[in-house]
Amino acid sequence: MTDYFRGIPAIAYEGPNSTNEFAFRHYNPDEVILGKRMEDHLRFAVAYWHSFAYQGGDPFGGQTFERPWFGETMALARQKADVAFEMFDILNVPFYCFHDADMRPEGKTFAESKRNLDEIVDYLADKQTRHKARLLWGTSNLFSHRRWMSGAATNPDPDVYAYAAATVKANLDATVKLGGQNYVLWGGREGYETLLNTDLAIERSNAGRFLTQVVEYKHKIGFKGAILIEPKPQEPSKHQYDYDVSTVYGFLKDFGLEKEVQVNIEQGHAILAGHSFEHEIATAAALGIFGSIDMNRNDYQSGWDTDQFPNNHVEKAVAFYEILRAGGYTTGGTNFDAKVRRQSLDPADLILSHVGGMDTCARALKSAAALLNSGELEAHRAERYAGWAAPVAKAMLAGSLEQAAARVTAEGIEPQPKSGKQERLENLWNRFV
Ligand code: XUL
Ligand code: CO
């Protein structure tokens with residue numbers, strides 16, 4: 001036991017009228033919604049990096065947090081893990097996520113880093129036997145260390161590709177050892193700064209080969225979880241190859257991996273790509289590659305990936321509606337890839353940021369489920385597309401362009417525009433949030 005969260009109680013559900021800061025007003029894990037427990041719908045995860053490794057820096061200033069476990073030793077790494085599991089217990093979250101670099105000190109050589117990783121993974125595996133939280137996903141940090149500055153799998157130097165392969169293999173093995181349900185690849189440096197020094201064709205092709213090797217290795221070791229790509233258009237690279245869900249789908253199709261790999265969609269990344277969160281979720285669902293989400297938003301004025309906790313349930317309800325419509329998560333979950341602001345110094349800030357985020361999502365889920373259950377929105381949608389169920393429409397799709405064209409004169413077609421009813425549907429939404 002550490003005393004980092006001393007005096008902070010385990011957070012329990014007290015209902016919407018509670019004024020207790022340290023209570024859930026909406027997140028009630030055992031409440032059944034659409035036939036499933038809320039905990040099983042939402043599958044919340046805490047991100048190891050933002051809560052336990054982030055030091056409070058921004059582009060203009062360094063560390064503001066003084067966590068007792070900061071430092072590059074194994075003893076401090078174990079202390080960090082102790083605090084992490086204490087926080088998971090307080091929040092009663094079922095999952096966490098990690099990068100290797102969040103959990104273990106960097107060694108002087110690959111072998112030393114790997115030894116440190118293996119040691120901390122054993123420590124976490126032991127903790128998992130005595131605590132509730134399990135691993136939602138593991139991933140590799142292939143972007144912070146200077147060796148990755150020109151990319152990992154897309155680096156011009158084949159030795160860096162090899163180092164990336166060794167790193168991903170080690171983290172996939174660690175994920176399996178911890179019973180992880182997914183493995184995520186986010187390619188922060190898989191892109192470029194300037195075309196003047198970049199062979200885009202080689203880089204993209206190597207990225208495809210790398211992902212294929214990852215999938216082959218997954219099958220070789222019998223990992224049953226999902227491999228997830230996390231799209232992002234830019235930042236840190238000026239341009240990333242995994243720009244958005246549609247770009248990733250094209251990439252997967254190109255390398256024959258569209259049945260092997262799904263996406264982890266982050267709200268902030270969707271915004272950077274000029275999309276809404278729900279657009280990205282709905283696109284992934286329509287393409288059959290929806291996997292998991294990172295539930296963190298950007299600031300709408302700054303235009304940066306600020307990784308803030310969700311606090312607007314109306315906005316999130318639309319996203320959860322799309323997740324429910326897609327049938328919910330299978331191996332995925334709701335990961336808070338979110339960090340407290342650099343002025344939020346207190347241990348309580350770490351807890352209450354998550355409490356707020358969990359309550360926001362729970363409230364959003366309840367609204368989305370009620371609207372879906374009412375069938376009202378789906379009835380409008382079904383009516384709008386009903387024409388496509390008619391035999392004549394199906395025959396037209398099965399036939400040629402000339403046959404479709406011939407219908408116009410043969411049947412005297414003169415289409416009559418119909419209202420899209422947007423405002424009426426927005427009013428409908430507002431009845432449920
Ligand atoms: C960076 C980001 C990462 C990934 C995991 O923008 O979202 O934290 O989620 O590497
Ligand atoms: Co993320």
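**Ground rules.** The model is predicted, so local features need pLDDT of at least 70 and side-chain atom pairs count only at pLDDT 80 or more, while totals for chains, interfaces and linings use all residues. Residues are numbered from 1 along each chain as its sequence is written, chains are lettered from A and ligands numbered from 1 in the order in which they are written, and side-chain values use heavy atoms, without hydrogens and water.

**Entry: ligand 1.** I looked up which residues surround ligand 1 (a heavy atom within 4 Å). I found Trp 49, His 99, Trp 137, Phe 143, Trp 186, Glu 230, Lys 232, Glu 266, His 269, Asp 294, Asp 305 and Asp 337. Sorted by class, this shell has 4 nonpolar, 2 polar and 6 charged residues. For the classes, Ala, Val, Leu, Ile, Met, Phe, Trp, Tyr, Cys and Pro count as nonpolar, Asp, Glu, Lys and Arg as charged, and the others, Gly among them, as polar.

**Entry: polar atoms.** I then checked distances to oxygen atoms of ligand 1. A polar side-chain atom of Glu 230 is 2.7 Å from one. For a side-chain N or O atom of Glu 266 the distance is 2.7 Å, and for a polar side-chain atom of Asp 337 it is 2.7 Å. The protein covers 94% of the 290 Å² of accessible area (Shrake-Rupley method, 1.4 Å probe) that ligand 1 has on its own.

**Entry: cysteines.** I counted 0 disulfides (cysteine sulfur atoms within 2.5 Å). The cysteine sulfur nearest to that of Cys 97 belongs to Cys 361, 14 Å away.

Notes:
A polar contact is a pair of N or O atoms within 3.5 Å; within protein, one must be able to donate a hydrogen and the other to accept it, and residues adjacent in sequence count only if both atoms are side-chain atoms.
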